[in-house]
Amino acid sequence: MADIYEWLEVADDSRHRLGQPKRIHQASLSVRMDDGSLRVFPAWRVQYDDTRGPTKGGIRFHPDVTEDEVATLSFWMTLKCAAVDLPFGGAKGGICVDPKTLSRMELERLSRSYIRAFHDVIGPERDIPAPDVNTNAIIMGWMVDEYAQIERRHVPGVITGKPLGLGGSIGREQATGAGALQVLDMWVKRQHQEPGDLRVAIQGFGNAGQHFARLAHDAGYNIVALSDSQGAIYSEEGLDPAPILRHKNRTRELKGMVYCDDSVCDAAQTQPLSGDDLLELDVDVLVLAALENQITDANADRVRAGAIVEIANGPVSTGGDRVLQDRNIPVIPDIIANAGGVIVSHLEWVQNRMGDYWSGEAVEKQLRRRLEREANACFNLAEEKAIPLRTAAYIQGVGRIVDAMAQQGTQGYFNGHHG
Ligand SMILES: NC(=O)C1=CN([C@@H]2O[C@H](COP(=O)(O)OP(=O)(O)OC[C@H]3O[C@@H](n4cnc5c(N)ncnc54)[C@H](OP(=O)(O)O)[C@@H]3O)[C@@H](O)[C@H]2O)C=CC1
Ligand SMILES: O=C(O)CCC(=O)C(=O)O
């Protein structure tokens with residue numbers, strides 16, 4: 001961050017405030033298992049900065065979740081919301097759990113217990129959770145219901161990414177993938193390239209990766225490789241994500257696709273691949289849509305992609321970024337590339353507060369307009385100053401945050417402003 005602060009001549013007060021999270025909430029969630037035993041899961045909600053508005057960010061269920069990880073993710077949420085000019089600060093939540101080992105009832109009890117633990121620190125004007133890794137609309141539905149039961153009233157604006165029947169927004173489900181494709185399209189156009197000429201490999205086939213793959217395929221990109229946590233598949237001829245998604249939903253893993261007898265899958269041309277090998281394929285675009293630290297200083301010198309799109313948060317480490325910069329491999333950074341999700345979450349929150357709901361076209365139009373404006377501003381700044389796209393995106397986000405801090409005056413923060 002030091003270079004960003006130098007660029008913007010950020011005052012010491014703001015540097016101190018942005019140097020650590022404003023609030024870290026921790027809880028131990030006791031959950032009754034189906035067999036009668038009790039398990040306790042560590043959980044966090046970290047609210048990094050609320051200068052520009054209520055804090056916003058997803059909740060992650062993963063066995064590797066730690067307080068440090070949630071805090072880092074909450075910092076990136078703060079930068080992301082500011083970089084695309086949403087009236088939100090940044091937060092993130094997490095539970096250290098492998099949700100794949102839980103039954104549906106156990107998962108529901110765990111999700112509800114998260115809300116009971118953090119009920120007092122979230123709310124539509126305080127902190128608004130949403131889905132992230134291994135959480136989805138169904139889980140958000142349980143959570144918003146738990147919050148309503150505690151409050152004894154409907155409060156749909158407390159959580160976004162909900163099912164439509166509980167106040168969710170049309171378009172939120174695919175928003176992260178759709179936004180990432182829009183940003184990639186804009187970048188491709190600036191390079192005077194055509195989607196049909198580009199070979200794309202995608203790491204991660206969950207909410208963000210699946211929708212990106214489907215929409216990119218429809219837009220003419222040639223998807224040659226896909227991976228999930230169990231392995232990868234590759235086809236020189238190109239993969240059609242639709243039947244692959246059906247297979248994944250049926251079997252929960254991609255790699256068996258090679259041997260499946262789905263008539264749309266040409267097994268002869270689809271080969272298995274290791275997840276690590278996917279990262280080193282000779283492709284035009286490598287899309288990272290799984291977890292952090294996938295490209296580091298240990299493997300960045302073996303990347304052969306022409307460009308990288310970060311749909312995941314932090315998939316390229318600082319060391320990896322340095323190597324890619326030296327090798328002139330552009331990285332379209334997470335806080336712009338994956339901002340479609342939180343942009344439509346904002347639209348959902350606005351609809352909840354108005355009590356009126358919009359068509360898919362209206363949501364899509366607003367998403368496109370905001371991303372076009374903010375991604376273009378980032379691309380222009382990078383070009384004008386000859387700086388990496390990530391530096392430009394950070395300048396865009398941090399600039400707005402420190403301006404707002406300056407406008408607050410000097411005393412509010414220290415007096416426990418906003419709680
Ligand atoms: N959902 C959203 O709206 C947003 C998500 N993001 C970010 O996008 C990323 C993905 O999130 P999301 O799609 O929601 O999460 P999901 O849980 O829906 O999907 C994650 C995907 O990553 C796969 N995966 C996990 N580990 C690996 C690995 N080592 N190699 C390859 N694939 C792996 C999972 O495999 P498997 O299917 O086998 O479990 C799964 O397919 C995260 O970084 C998240 O923070 C960012 C903005 C918004
Ligand atoms: O939709 C949201 O509020 C946040 C999604 C998220 O967690 C993210 O953008 O990383």
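Select the shell around ligand 2. β3 (55–62), α3 (67–83), β5 and α12 (340–354) each supply at least two of its residues. Helices here are DSSP runs of H or I with at least four residues, strands are runs of E with at least two, and both are numbered from the N terminus. The model is predicted: local features need pLDDT of at least 70, side-chain atom pairs count only at pLDDT 80 or more, and totals for chains, interfaces and linings use all residues. Residues are numbered from 1 along each chain as its sequence is written, chains are lettered from A and ligands numbered from 1 in the order in which they are written, and side-chain values use heavy atoms, with hydrogens and water left out.

**Ligand 2**

Stay on this ligand. It is surrounded by 15 residues, and the closest are Lys 56, Gly 58, Lys 80, Lys 92 and Ser 345. A residue counts as near if one of its heavy atoms lies within 4 Å of the molecule or strand. Colour the shell by class: four residues are nonpolar, six polar and five charged. Nonpolar covers Ala, Val, Leu, Ile, Met, Phe, Trp, Tyr, Cys and Pro; charged covers Asp, Glu, Lys and Arg; the others, Gly among them, are polar.

Now show the polar contacts, pairs of N or O atoms within 3.5 Å; within protein, one atom must be able to donate a hydrogen and the other to accept it, and residues adjacent in sequence count only if both atoms are side-chain atoms. Pick Lys 80: a polar side-chain atom lies 2.5 Å from an oxygen atom of ligand 2. Pick Lys 92: an N or O atom of its side chain is 2.7 Å from an oxygen atom of the ligand. Pick Asn 313: here a polar side-chain atom is 2.9 Å from a ligand 2 oxygen. How much of ligand 2 does the protein bury? Alone, the ligand exposes 290 Å², and the protein buries 95% of that. Accessible areas come from the Shrake-Rupley method with a 1.4 Å probe; for residues, only the protein chains shown count as cover.

**Ligand 1**

An N or O atom in the Asn 313 side chain is 2.8 Å from an oxygen atom of ligand 1. Backbone atoms take part too. Phe 205 has a polar backbone atom 3.0 Å from a ligand 1 oxygen, and Asn 207 has a backbone N or O atom at 2.8 Å from one. On its own, ligand 1 has 900 Å² of accessible area, and the protein covers 87% of it. Show α6 (172–190), α7 (207–218) and β7 (222–228): these elements give two or more residues to the shell around ligand 1.

Widen the view to the 24 residues around ligand 1; Lys 100, Asp 132, Thr 176, Ser 229 and Lys 248 come nearest. By class, this shell has eight nonpolar, 10 polar and six charged residues.

**The five-stranded sheet**

Next, select β1 to β5. These five strands form an open sheet in the order β1-β2-β4-β3-β5, with mixed pairing. Two strands pair if DSSP finds at least two bridges between them. β1 (23–32) and β5 (127–131) stand at the edges with a single partner strand each, so one side of each has no neighbour in the sheet.

Zoom in on β1 and β2 (residues 38–49), which pair in the antiparallel sense over 10 bridges. They form a hairpin with five residues between them, and Gly 36 in the turn has a positive phi of about 95°. Click Arg 32, which stands opposite Leu 38 in β2. Then click Val 31; its bridge partner in β2 is Arg 39.

Move on to β4 (residues 89–96), antiparallel to β2 over six bridges. Val 46 stands opposite Lys 92 in β4.

**The seven-stranded sheet**

Now select β6 to β12. Their open sheet of seven strands has the order β9-β8-β7-β6-β10-β11-β12, with mixed pairing.

Start at β6 (residues 199–203). β6 pairs with β7 in the parallel sense over five bridges, and Ile 202 has Leu 226 as its bridge partner in β7. β6 also pairs with β10 in the parallel sense, over four bridges. Val 200 is bridged to Val 285 in β10.
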